[in-house]
Amino acid sequence: MALNIPGVVVMMLFYLLVLAIGIWASVKSRREAEKTRGDKTELALLGNRGISLVVGIFTMTATWVGGGFIVGTAEAVYNPSMGLIWAVMPIAATVCFIIGGLFFAEPMRNNKYVTMMDPFQIKYGRAATAALSMASLVSEVMWVTGTLIGLGVTMSVILDLSYTVSIWISAAVAITYTLMGGLYSVAYTDIIQLILIFISLWLCIPFAMMSPAVLDITETAYNRSFQAPWVGSLEPDRVWRWIDNFLLLGLGNLGLQNFHQRTLSASSSSTAKITCFAAAFIVPTLGIPPILIGAVAASTDWNLTSYGSPSPFARGETGLVLPIVLQHLTPSYISIIGIGAVAAAVMSSTDSALLSAASIFTSNIYKSILRTRASEQEIQWVIRASVVVVGLAGTSLTFLDNSVLMIWMLRSDLTYTLMLPQIVCVLFFNFSNAYGAVLGCVTGMLLRILCGEPLLGLPPLIKFPGCTLVNGVYIQHSPIRTICMLSALVAILFFSYVTQVLFRRGVLPEKWDIFDVKSQNSTQGGTKFEVKAAKVPEELKEPTENSDVCEPMLESAC
């Protein structure tokens, strides 16, 4: 197959369009910087907390509907061992947004945090927060990796362009416009990207379904044709694994800076909540096209296509099923349009992850620990450097594996078992402290490693009921991720309470209190947020008038 020149031209035009919007947004960002007296760091990372409802809905939705979402959903539906019933990402996103809107958006936005790690820094101090921030940074890097894989496999199949070249070009474009305009560039490019995703994917569906090689998907949904029915099945011994995956992909995203950055940039807490609720209903509708593509692939007689036999599953190309369908079941000009949809989805998620990681490193590690007296200009350069480094790191990891679903699951595993219990405790349990946070993190991480992970080749040392040996690999049928998450949550609360009692009653000497828990205890008479404000180191405070909340929540004039 020769290089698809028309396809390459179309992709270049798309990239130029995205860059043009990014440049326009960067100009808007500079104008805002000239008009406002607010913090320039906050302007770059949160758009001066002035993102409107409409733009907020677009950018929240586009962040989730990435290459991993589209390619991974199609992969799950097509996979004979999974099927539609296991393609839970669209519905899991709805659960994430509803819970986030009900419980997380308002307290985070009202306290004017800059990142999701700010409440940790205020309550637990710098050292504990730095350790937790590293886990959050890793999850953002893996988000970049998963989204770029989705685009790389699609472009390499349809355009016959090198997988490596496809990924590096796309990463370079995303890094460039994120550097230029910060959140403004990310948010406004998300609008055009989401529109392209919606139109492009729905244009491809009729052509794929009407291919002569494809049977009626309503017939193959419950009847075996070329493979197992694409609806899938849920055997009794896999029910707990399904629940585990659903909670992992749903609640795990609440531990992502990506989500909280969208609510923190909203113009008000009510806008942040409405943004979450709107995205909860929009995201599943964008999951329908990849579901249909997966169903089409499962209903295709590949002998009648240019792809030939055996099937993608038999060749070990399940992760490539979406581009394979576009390439071999639709006209060439339609497959190019489909590429545009995947590219738009990848861009909309990659830029968000880049900015999220830069936010955490700059605000919670560099400014708070490494250079507490850094100037505004220095911080701006650190943000830019962080975007580049995270982009390079995430892009480099794409060459380890080409399964979007695997990367997505591993990233969600990290945020679900480690970060979710941490953010729940810091926001909603007043007595939680740094000792509990650290020991809870160790407990969750150690237990998760001992449970094993087939995707990483880790054998289980703890075998829960139902653990079976399949093709030489032990498979846990218990909800091990949820068990680890709940264990971490209990450990945080238990060790927080125990250390609080021990230091308060003098059982342990005060000189051993490296996290200053006794000082925190002395302020427990106030409200939860008053306790947090009392913990802020003097050198981190913003010299503002009538400020209810202090640094590292970088105050603006809004």
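Colleague: Where does L439 lie?
Modeller: L439 is in helix α18, which covers residues 434-450. Keep in mind that this is a predicted model.

Colleague: Buried or exposed, or something in between?
Modeller: In between. L439 has a relative accessible area of 36%, so it counts as partly exposed.

Colleague: And how far is L439 from L247?
Modeller: Their C-alpha atoms are separated by 23 Å, and along the chain L439 and L247 are 192 residues apart.

Colleague: OK, zooming out. How many helices and strands does the protein have?
Modeller: There are 21 helices and two strands.

Colleague: What's the radius of gyration, and what would a compact globule have?
Modeller: The protein has 24 Å, and a compact globule with 558 residues would be near 24 Å, so the two agree. As for its extent, the C-alpha trace spans about 75 × 60 × 35 Å along the principal axes.

Colleague: How much of it is buried?
Modeller: Buried residues make up 60% of the 558. The accessible surface comes to about 21,100 Å², and carbon and sulfur atoms own 67% of that.

Colleague: What share of the contacts is between residues 24 or more positions apart?
Modeller: 82%, counting contacts in the protein with a separation of 6 or more.

Colleague: Let's talk cores. How many residues are in the largest nonpolar one?
Modeller: The largest nonpolar core has 161 residues, and F97 and V325 have the most contacts inside it. Helix α8, residues 163-209, gives the most to this core, with 18 residues.

Colleague: Which residues of α14 are buried?
Modeller: V321, L322, P323, I324, V325, L326 and L329. That is seven of the nine residues in helix α14 (residues 321-329), so the helix is largely enclosed by the rest of the structure.

Colleague: Switching to rings. How many aromatic pairs does the structure hold?
Modeller: It holds 16 aromatic pairs. One of them is F120 with Y124, edge-to-face, at 5.8 Å centre to centre and 65 degrees between the planes.

Colleague: Where do F120 and Y124 lie?
Modeller: Both lie in helix α6, residues 118-124, and they are four residues apart, about one turn of the helix. F120 and Y124 are both buried, too.

Colleague: Why is the F429 and F431 pair called edge-to-face?
Modeller: Their planes are at 80 degrees, with the ring centres 6.3 Å apart, so the pair is edge-to-face. The cut-off for edge-to-face is over 60 degrees.

Colleague: And the accessibility of F429?
Modeller: F429 comes in at 28% relative accessibility, so it counts as partly exposed. F431 is at 27% and counts as partly exposed as well.

Colleague: Which residues form an aromatic cluster with F97?
Modeller: W64 and F259; with F97 they form one aromatic cluster.

Colleague: What sits over the ring of W381?
Modeller: The charged end of R384, 4.8 Å from the ring centre. Another case is K463, which lies over the face of Y474 at 3.9 Å from the ring centre.

Colleague: What about K273, where is that?
Modeller: K273 is in helix α12, residues 269-286. Its relative accessible area is 25%, so K273 is partly exposed.

Colleague: What does K273 touch?
Modeller: G101, A105 and E106, not counting residues up to four places away in sequence. K273 and T263 are 7.5 Å apart, C-alpha to C-alpha, and ten residues apart in sequence.

Colleague: Last one: D244, buried or exposed?
Modeller: Buried, because its relative accessible area is 1% and the cut-off for buried is under 20%. D244 is found in helix α10, residues 239-251.

Colleague: And which residues does D244 touch?
Modeller: Not counting residues up to four places away in sequence, D244 touches Y416, S478, P479, I480, R481 and T482.

Note on methods
Residues are numbered from 1 along each chain as its sequence is written. This is a predicted model: local features need pLDDT of at least 70, side-chain atom pairs count only at pLDDT 80 or more; totals for chains, interfaces and linings use all residues. Side-chain values use heavy atoms; hydrogens and water are left out. Rings of Phe, Tyr and Trp (its six-membered ring) pair if their centres lie within 6.5 Å; planes under 30 degrees apart count as stacked, over 60 as edge-to-face and the rest as tilted. Buried means under 20% relative accessible area, exposed over 50%, partly exposed in between (1.4 Å probe, protein chains only). A charge sits over a ring if NZ of Lys or CZ of Arg is within 6 Å of the ring centre and within 35 degrees of the ring normal. A nonpolar core is a set of buried Ala, Val, Leu, Ile, Met, Phe, Trp, Tyr and Cys residues joined through side-chain atoms within 4.5 Å. The radius of gyration is taken over C-alpha atoms; the globule rule is 2.2 Å times the number of residues to the power 0.38. Contact means heavy atoms within 4.5 Å. Accessible areas come from the Shrake-Rupley method with a 1.4 Å probe; for residues, only the protein chains shown count as cover.
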